[in-house]
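Welcome! Take a look at the view below, and then we will go through it topic by topic.

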Amino acid sequence: MTNAIPPLKQRAAWKALTAHHAEVGGRHLRQLFAEDPQRAGRFTLEAVGIHYDFSKQRITQETLAMLLQLADESRVAARRDAMFAGEKLNLTEKRAVLHTALRAPKDAKVTVDGANVVPAVHEVLERMAAFADRIRSGEWKGHTGMPIRNIVNIGIGGSDLGPVMAYEALRPYTRRDLTFRFVSNIDGNDLAEATRDLSPDETLFVIASKTFTTMETMVNAQSARAWSLASLKDDAAVAKHFVAVSTHAAEVSKFGIDTANMFGFWDWVGGRYSMESAIGLSTMIAIGPDAFRDLLAGSYAMDEHFLQAPLAQNLPVVMALLGLWNNHFFDAHTVAVLPYENYLKRFPAYLQQMVMESNGKYVTLEGGRVSHHTSPIYWGEPGTNGQHSFYQLIHQGTRLIPADFIAFVKPAHELGRHHDILIANVIAQAEALAFGKTPDEVRAEGTPDWLVPHRTFEGNRPSNMFFLEALTPFALGSLVALYEHCVFVQGVIWNIDSFDQWGVELGKQLAQRIVGELESKAAPALTHDGSTNALIERYRARRG
């Protein structure tokens with residue numbers, strides 16, 4: 001599907017938004033709320049168990065109408081439909097973009113190159129479930145006859161961030177008599193710490209690499225293999241203590257893994273969108289097949305909402321448009337993701353890859369240079385920890401930082417007043433960011449004049465509030481899909497390919513070259529720049 005739309009700044013809706021911002025951009029949220037007592041109701045959406053309050057965004061009804069017109073002019077709906085239909089929207093790699101097929105029901109039909117992929121998806125899910133049940137029941141035995149008590153996932157990027165985020169988010173649903181560890185960093189300390197207190201005869205490694213050639217993953221996998229065999233003493237033990245999430249049967253077999261215990265996925269699933277594929281094997285072992293299916297159901301429900309809801313009532317669409325409004329018209333170049341739920345502590349890191357690897361592009365689909373900013377920088381920490389860390393900058397710093405607040409009505413653990421205080425804080429922070437505190441209000445509290453500027457809060461800092469009932473597998477799936485589709489909508493409007501990631505390649509290529517130069521005993525001639533050459537020489541000299 002081609003995208004013959006005008007450049008962003010030449011679209012009529014963009015020009016209208018530019019003029020509109022000149023008129024309303026300076027208005028304060030205090031004024032907007034004072035003028036419209038029903039504002040909170042007008043700027044709230046509800047779908048798939050998510051209550052989305054965006055009334056604290058610096059918009060009017062006219063702003064929203066213009067943003068929706070921009071979505072129309074950018075052909076968001078047509079591109080969305082093309083994605084769900086299996087068209088090859090990843091142009092540079094000539095691939096379909098079908099992470100949505102991972103959560104499609106059995107009777108669905110999703111066609112890629114003339115074939116329905118849904119039966120293959122469910123075949124893998126059923127194999128995963130059978131394997132997870134064998135581990136959880138103790139039926140699967142290690143080489144010495146001991147049941148598996150420890151599962152170590154070895155991957156990197158999407159093969160790590162999704163599984164570890166989901167495990168931490170859904171820890172109340174996990175088997176507490178099983179230990180789960182996640183290794184991704186090539187730094188040997190990561191693997192050493194993950195395995196230091198584990199027994200090899202009770203430990204299973206899940207090696208997650210589509211090609212089984214990813215450098216960091218395979219170096220860690222080989223070291224894990226050596227760690228296991230140092231105790232188990234028999235190469236045949238590998239088949240009982242290692243399984244693969246991969247599509248490269250030859251490499252998997254060469255490693256010593258039985259290909260019957262190889263779980264595949266497809267080139268139409270990007271790594272950062274793969275946590276619900278076989279990449280989620282460790283997640284399924286942790287929470288069980290039924291809870292994993294609930295996770296898929298939550299994502300599927302959001303998929304259906306995104307596909308069916310009118311754009312004006314469409315959570316991912318509205319969320320994406322508001323992000324564009326802040327990014328382009330208020331020069332807000334970052335987004336703080338602030339979950340008031342400790343189990344979501346890895347969610348901001350997960351979103352960093354999803355958002356910035358997807359939309360961190362300066363090249364259009366046609367190969368030209370964009371004329372505007374693309375992805376904002378995503379970052380964040382759970383509340384209330386962040387309040388005692390970086391909120392000072394959000395409230396009184398010189399940069400505008402929109403915030404996504406995520407909160408849940410019901411806690412996983414009822415401990416006295418804890419949850420009421422937590423929710424009071426998230427509501428208060430959104431209020432404080434929006435309305436601030438004027439100099440007159442500060443003086444009315446008895447503050448001396450010299451201290452008034454320091455205790456004044458300008459406010460007018462936008463935020464989204466996402467309220468859900470409880471952090472269940474279904475809720476997590478719906479949140480993940482919400483952000484996935486938000487990323488998609490923004491990429492369509494920016495006219496970029498959200499599904500390739502060529503920007504990660506150059507550093508990898510150079511590292512392969514440099515590691516040979518570091519390890520060579522012949523001290524090869526170096527042809528890098530002066531700084532790089534000096535660093536290589538310094539390292540070699542000190543390593544002997």
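In which helix is the place of Asp190? Asp190 sits in helix H8, which covers residues 188-195. Please keep in mind that this is a predicted model.

**Around Asp190**

- With a relative accessible area of 24%, Asp190 is partly exposed, because that value falls between the 20% limit for buried and the 50% limit for exposed.
- Beyond its neighbours within four places in sequence, Asp190 is in contact with Phe182, Val183, Ser184 and Asn185.
- Asn220 is 30 residues away from Asp190 in sequence, and their C-alpha atoms are 9.1 Å apart in space.

**The nonpolar cores**

- The largest nonpolar core is made up of 126 residues.
- Trp268, Phe347, Ile406, Leu476 and Tyr483 are the residues with the most contacts inside this core.
- Helix H20, residues 473-494, gives the most to this core, contributing 14 residues.
- Which residues does Tyr483 touch, leaving aside its neighbours within four places in sequence? Tyr483 is in contact with Met319, Val337, Phe347, Leu351, Met354, Tyr378, Asp404, Ile406 and Phe466.
- There is also a second, separate core of 22 residues, and Leu191, Leu198, Phe205 and Phe212 are among them.

**Helix H13 against helix H20**

- Two packed helices are described by the angle between their axes and by the distance between those axes.
- Helix H13 (residues 289-308) packs on H20 at an angle of about 40°, and the axes are 7 Å apart.
- That angle makes H13 oblique to H20, and the crossing is right-handed.
- On the H13 side, the contact is made by Ala291, Asp294, Leu295, Ala297, Gly298, Ser299, Ala301, Met302, Asp303 and Phe306.
- On the H20 side, the residues are Pro473, Phe474, Leu476, Gly477, Ser478, Ala481, Leu482, His485, Phe488 and Val489.
- Sorted by class, the contact of H13 with H20 holds 13 nonpolar, 5 polar and 2 charged residues.

**Helix H5 against helix H20**

- The axes of H5 (residues 76-84) and H20 come within 10 Å and cross at roughly 125°.
- H5 is therefore oblique to H20.
- H5 passes H20 in a right-handed crossing.
- H5 brings Val76, Arg79, Arg80, Met83 and Phe84 to the contact, while H20 brings His485, Phe488, Val489, Val492 and Ile493.
- The contact of H5 with H20 has 7 nonpolar, 1 polar and 2 charged residues.

**Two buried residues**

- Leu433 belongs to helix H17, residues 418-435.
- Is Leu433 buried or exposed? Leu433 is buried, with a relative accessible area of 2%.
- Apart from its neighbours within four places in sequence, Leu433 is in contact with Ile394, His395, Phe405, Gly459, Asn460 and Arg461.
- Leu433 and Pro462 are 29 residues apart along the chain, with 7.0 Å between their C-alpha atoms.
- Thr364 is found in the loop between helix H15 (347-359) and strand S11 (377-379).
- Thr364 is buried too, with a relative accessible area of 16%, because buried means under 20%.
- Leaving aside its neighbours within four places in sequence, Thr364 is in contact with Arg369, Val370, Asn495 and Ile496.

Notes. Residues numbered from 1 in each chain as written. Predicted model: local features only at pLDDT ≥ 70, side-chain atom pairs only at ≥ 80, totals over all residues. Heavy atoms only, no water. Core = buried A, V, L, I, M, F, W, Y, C linked by side-chain atoms within 4.5 Å. Buried < 20%, exposed > 50% of the residue type's maximum accessible area, 1.4 Å probe, protein only. Helix = DSSP H or I, 4+ residues; strand = E, 2+ residues; numbered from the N terminus. Contact = heavy atoms within 4.5 Å. Axes fitted to C-alpha atoms, helices over the stretch in contact; angles between N-to-C directions. Parallel < 35°, antiparallel > 145°, perpendicular 65-115°, else oblique. Left-handed = near helix turned anticlockwise from the far one by under 90°. Nonpolar A, V, L, I, M, F, W, Y, C, P; charged D, E, K, R; others polar.
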